[in-house]
Amino acid sequence: MTEMLPGIRYLPAYFSADEQKALLEEVRAVVAQAPLFVPRMPRTGKPMSVRMTNCGALGWVTDQERGYRYQPIHPVTGKPWPPIPPMLLDLWRAVADYPFDPEACLINYYDAEAKMGLHQDRDEQDFDAPVVSVSLGDTCRFRVGGKTRQGPTVSYKLQSGDVFVLGGEGRLAFHGVDRIYPGTSTLLKNGGRINLTLRRVTPPRASEIIT
DNA sequence: TAGTACCA
DNA sequence: CATC
């Protein structure tokens, strides 16, 4: 058994099948307002294999010219991101162990060939809040390492309805998606996997703090 | 290094 | 790794 950083929590089958369907409907409504786009690597412009969109006050985007960042508008439509759906706010309030709501929810769609190399979530100003993610659709192999690129990793098969939390010492753990297992879920009619990632981006504003 | 290649 |  490989070492696991404290603050990393795997919550299998957090959402029931019915709840997954309801959550998926909320996600569909977001994507109808904020279409999936192709993120590109900084400097090289190489397209990532996932397609993405966001909801919340801020969304994570990347392109060749400006690189990784959070911004309040969709890079294609120029419109503000739709609000974070109620079921996801409920999830955050239940598992984040953090007294303020998330500002960003990144929605990543993986087709059968998509993957995500090992990386850290470090574009946020606030590392005190955890990163909370939800899997919907096909199972994936999810790899988690330590706070540096070298060192051992642990891999999980994340199934539809599972929740994974990177918090505390594990907030800056390297992680990525090695592969998708096609045909392992019937939730998405066309297959593939949706990952929803909730994050706090900025420190809490004074107006949020009740003393 | 949110990319790739390669390996166990 | 080649690249920034």
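Begin in β12, where the bridge partner of L136 is I194. This is a predicted model, in which local features need pLDDT of at least 70 and side-chain atom pairs count only at pLDDT 80 or more, while totals for chains, interfaces and linings use all residues. Residues are numbered from 1 along each chain as its sequence is written, chains are lettered from A and ligands numbered from 1 in the order in which they are written, and side-chain values use heavy atoms, without hydrogens and water.

Select β7 and β12 together: the two pair in the antiparallel sense over six bridges. Pairing requires that DSSP find at least two bridges between two strands. Strands (E, at least two residues) and helices (H or I, at least four) are DSSP runs, numbered from the N terminus.

Seven of the seven residues of β7 are buried, so the strand is largely enclosed by the rest of the structure. Buried denotes under 20% relative accessible area, exposed over 50%, and partly exposed in between (1.4 Å probe, protein chains only).

Now select helix α1 (residues 17-33). The buried residues of α1 are Q20, L23, L24, E26, V27 and V30. Seen down the axis of α1, these buried residues fall within an arc of 165°, so they line one face of the helix; the arc is that of the directions from the helix axis to the C-beta atoms. On the other side of α1, display D18, K21 and A32, which are exposed.

Finally, show the partners of the buried residues of α1: β2 (51-56), α2 (86-95), β5 (104-110), β7 (131-137) and β12 (193-199). Contact here means heavy atoms within 4.5 Å.

Technical notes:
The expected span of a helix is 1.5 Å times one less than its number of residues.
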